[in-house]
Amino acid sequence: MKKVIIALLAVAMVGADAMGKKKDIEILEEKVSLLNQKIDSLENVILKQRVDMSEKITNLFQAYNDLRTSYDKLAQDMKNNQMVASIEIEGDLSCGLALAKSGVLYGYVNAKGEMVIEPIYESAYYFTDNYAEVQKGGKWGVIDTAGNIVIPCQYEEIRRYESAEILYKVCNDKNLWGLVSPEDVIYECIYTKIDKFGESDNLFKIEKNGQQGVADISGKIIILCKYASISSYNKSLNIYEVCNSQGLYGLITPTKTVQPCVYLNIGSLNNDRCSFKKNGLYGYFDEKGEVAIPAKYPSILRTFKNDGTAEVCLGGQRWIVIDKWGKFLRNCD
């Protein structure tokens, strides 16, 4: 601003010299001096006001931040108090934790009632062997007692498989089943069914494309899925009774065919003998699945008794008693 005033002064002097008016120049210089003083005073006022305004703005922002911090803390305290007040304990402690519900979500509390696994699950089960099934985002998975996800929440359904191992049957969005553990995927979801095989803890029946087979919990396929049905014939010898798509029965092991699928039916092994029907006649297999008594009886009482005898019909009304090798013992009363 001073530069502008000086420039005006120079113009005035030139004019004064030109006109020879020294008096006017002195008056003009005095006015310029007064004007510069006013400008300096005004600049000082403006500078002071700027400093004051800057301090006020800084203080205002600090007050806002302090207020925001207090509000956030109060809101969190209220949320925590509300959460604690709304926790519902469901059932007793299991593996040191109890299932708890807060609002519509589930978590887990310890023996002190402290929430140690946050309520973020839509549904959940109690802990068993330090694992629990939980649902998040509409999908099921498994967590451990530390809250770690050991089986991702990516399955439509999950069921604990009854065995000595920690295993779960899982179903994908195509309604196909697989088998997983907290450490690995045993079988991918490619089967329409996975069921426990009889009383065995290590075997299960699998079904794919309408055909059944047998697998174990290690991931090994024992019998391929190519039979209409399959059951155990002699567990100790690992022999299976199978039925093909034509409804005919046979006996197999994981490595060989003991009897081809040519029989109309095969009974249950009892006292080392099992009845079978072929071409309309009955006979008996031994415990190894070999033919002990050929098919030659029109009718039988299928089960061998504990004394090693069975009643068979030779035709008409004649019934006799035979031993395990088909030897005639006596006529029936």
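Visitor: How many bridges join strand β18 to strand β19?
Guide: This is a predicted model. In it, four bridges join β18, residues 239-243, to β19, residues 249-252. The two strands run antiparallel.
Visitor: Which residue in β19 is the bridge partner of Val242?
Guide: The bridge partner of Val242 is Gly250.
Visitor: What is the strand order in the open sheet that has β18 and β19?
Guide: The order is β17-β18-β19-β20, four strands with antiparallel pairing.
Visitor: Which strands stand at the edges there?
Guide: The edges are taken by β17 (229-234) and β20 (257-263). Each has a single partner strand, so one side of each is left without a neighbour in the sheet. Neighbouring strands in this sheet are turned by 20° against each other on average, direction ignored.
Visitor: Now to β14 and β15. Parallel or antiparallel, and how many bridges?
Guide: They run antiparallel, and six bridges join β14 (residues 203-208) to β15 (residues 211-216). Within this pair, Gln211 in β15 stands opposite Lys208.
Visitor: What order do the strands of that open sheet have?
Guide: The order is β13-β14-β15-β16, again an open sheet of four strands with antiparallel pairing.
Visitor: Why is one side of β13 and of β16 left without a neighbour in the sheet?
Guide: Because β13 (193-196) and β16 (221-227) stand at the edges, each with a single partner strand. From one strand to the next, the twist averages 20°.
Visitor: A change of topic: the surface. Which residues make the nonpolar patch of about 230 Å²?
Guide: Leu42, Val45 and Ile46 make that patch. Of these, Ile46 lies in helix α2, which spans residues 22-86.
Visitor: What is the relative accessible area of Ile46?
Guide: The value is 35%, so Ile46 counts as partly exposed. That class lies between the cut-offs of under 20% for buried and over 50% for exposed.
Visitor: On to the cysteines. How many disulfides does a search of the whole structure find?
Guide: The search finds zero.
Visitor: Which cysteine sulfur is nearest to Cys332, then?
Guide: That of Cys313, which is 9.1 Å away. A disulfide needs two cysteine sulfur atoms within 2.5 Å, and Cys332 is in no disulfide.
Visitor: What is the relative accessibility of Cys332?
Guide: Cys332 has 23% relative accessibility and therefore counts as partly exposed.
Visitor: And what is the relative accessible area of Cys95?
Guide: Cys95 has a relative accessible area of 34% and is partly exposed.

Definitions and conventions
Residues numbered from 1 in each chain as written. Predicted model: local features only at pLDDT ≥ 70, side-chain atom pairs only at ≥ 80, totals over all residues. Heavy atoms only, no water. Pairing = 2+ DSSP bridges. Axes fitted to C-alpha atoms, helices over the stretch in contact; angles between N-to-C directions. Patch = residues over 30% accessible without salt bridge, like charges linked within 9 Å, V, L, I, M, F, W, Y side chains within 5 Å. Areas by Shrake-Rupley, 256 points an atom, 1.4 Å probe, with all protein chains shown as cover. Salt bridge = Lys/Arg side-chain N within 4 Å of Asp/Glu carboxyl O. Buried < 20%, exposed > 50% of the residue type's maximum accessible area, 1.4 Å probe, protein only.
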